Amino acid sequence: MKTFVLAALLLSAAAQAEDGQFIFSAAASHPAHESDYEAFTPGVSYRRGGYEGGVYRNSLGRISVYGAAVIDTPVRDLRLLIGAVTGYMIPIAPAIVPVYAITERFELLIIPPLRYRGVRVDTAVSVRVMW
């Protein structure tokens, strides 16, 4: 909890210093294995100048910190977050995450299913609110 509060305060200070967007999330759904994961996954992120970073409580109940470049794609309203994340089975894991803009204020983050170094990652979907 201390890590989450500290990261939120740091993100708040960064947002006041520069023009950017806060991103809030509260829950994730894992359609294939819902009972294996925690659904309450609160988080706060900050996006500015093609980069995004944040902290959240992941579906394993651990604190995750991530940083990523925000890449536009040729598909309308679809972006990729390409970076790294902590808090999972691999200490610092690479991440390529599609994010679909539903509206100007709402995004759908989609974790595709994959295997990395023998670790299974199940599909997850989260709605994020921009501020």
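Contact here means heavy atoms within 4.5 Å.

Two quick notes on the source. This is a predicted model, in which local features need pLDDT of at least 70 and side-chain atom pairs count only at pLDDT 80 or more, while totals for chains, interfaces and linings use all residues. Residues are numbered from 1 along each chain as its sequence is written, and side-chain values use heavy atoms, with hydrogens and water left out.

Back to E107, which is found in strand 7. Is E107 buried or exposed? At 2% relative accessibility, E107 counts as buried. The cut-offs are under 20% relative accessible area for buried, over 50% for exposed, and partly exposed in between, with a 1.4 Å probe and protein chains only. The E107 side chain also makes a polar contact of 2.9 Å with the side chain of R47. By polar contact I mean a pair of N or O atoms within 3.5 Å; within protein, one must be able to donate a hydrogen and the other to accept it, and residues adjacent in sequence count only if both atoms are side-chain atoms.

Now let's step back to the whole chain. The protein chain has one helix and ten strands, and along the sequence the pattern reads α-β-β-β-β-β-β-β-β-β-β. Helices (H or I, at least four residues) and strands (E, at least two) are DSSP runs, numbered from the N terminus. Of the 131 residues in the protein chain, 34% count as buried.

How do the strands close up? Eight of them form a barrel in the order 1-2-3-4-5-6-7-10, with antiparallel pairing. From one strand to the next, the twist averages 30°; axes are lines fitted to C-alpha atoms, for helices over the stretch in contact, and angles run from 0 to 180 degrees between N-to-C directions. Two strands pair if DSSP finds at least two bridges between them.

Strand 2 and strand 3 run antiparallel and are joined by six bridges, with R48 standing opposite Y51 in strand 3. These two strands form a hairpin with two residues between them, and G49 in the turn has a positive phi of about 55°. Strand 3 then pairs with strand 4 (residues 63-72) in the antiparallel sense over seven bridges, and the bridge partner of E52 in strand 4 is A68. This hairpin has five residues between strand 3 and strand 4, and G61 in the turn has a positive phi of about 85°. Five of the seven residues of strand 3 (residues 51-57) are buried, so strand 3 is largely enclosed by the rest of the structure.

V99 stands opposite L109 in strand 7.

Next, the aromatics. Rings of Phe, Tyr and Trp (its six-membered ring) pair if their centres lie within 6.5 Å; planes under 30 degrees apart count as stacked, over 60 as edge-to-face and the rest as tilted. That rule gives three aromatic pairs. The rings of F22 and F24 are stacked, because their centres are 5.9 Å apart and their planes at 25°. F22 also pairs with Y46, edge-to-face, at 5.7 Å centre to centre and 65° between the planes. F22 lies in strand 1 (residues 21-27) and Y46 in strand 2 (residues 40-48), so this pair ties together parts that are 24 residues apart in sequence. Ring pairs link F22, F24 and Y46 into a cluster.

What about W131? W131 sits in the segment after strand 10 (124-130) and counts as exposed, at 63% relative accessibility. Not counting residues up to four places away in sequence, W131 touches Q21, F22, F24 and R105. R105 lies over the face of W131, at 5.1 Å from the ring centre; the rule asks for NZ of Lys or CZ of Arg within 6 Å of the ring centre and within 35 degrees of the ring normal.

Last stop: H30, in the loop between strand 1 and strand 2. H30 is buried, with a relative accessible area of 5%, and a polar contact of 3.2 Å joins the side chains of H30 and S59.
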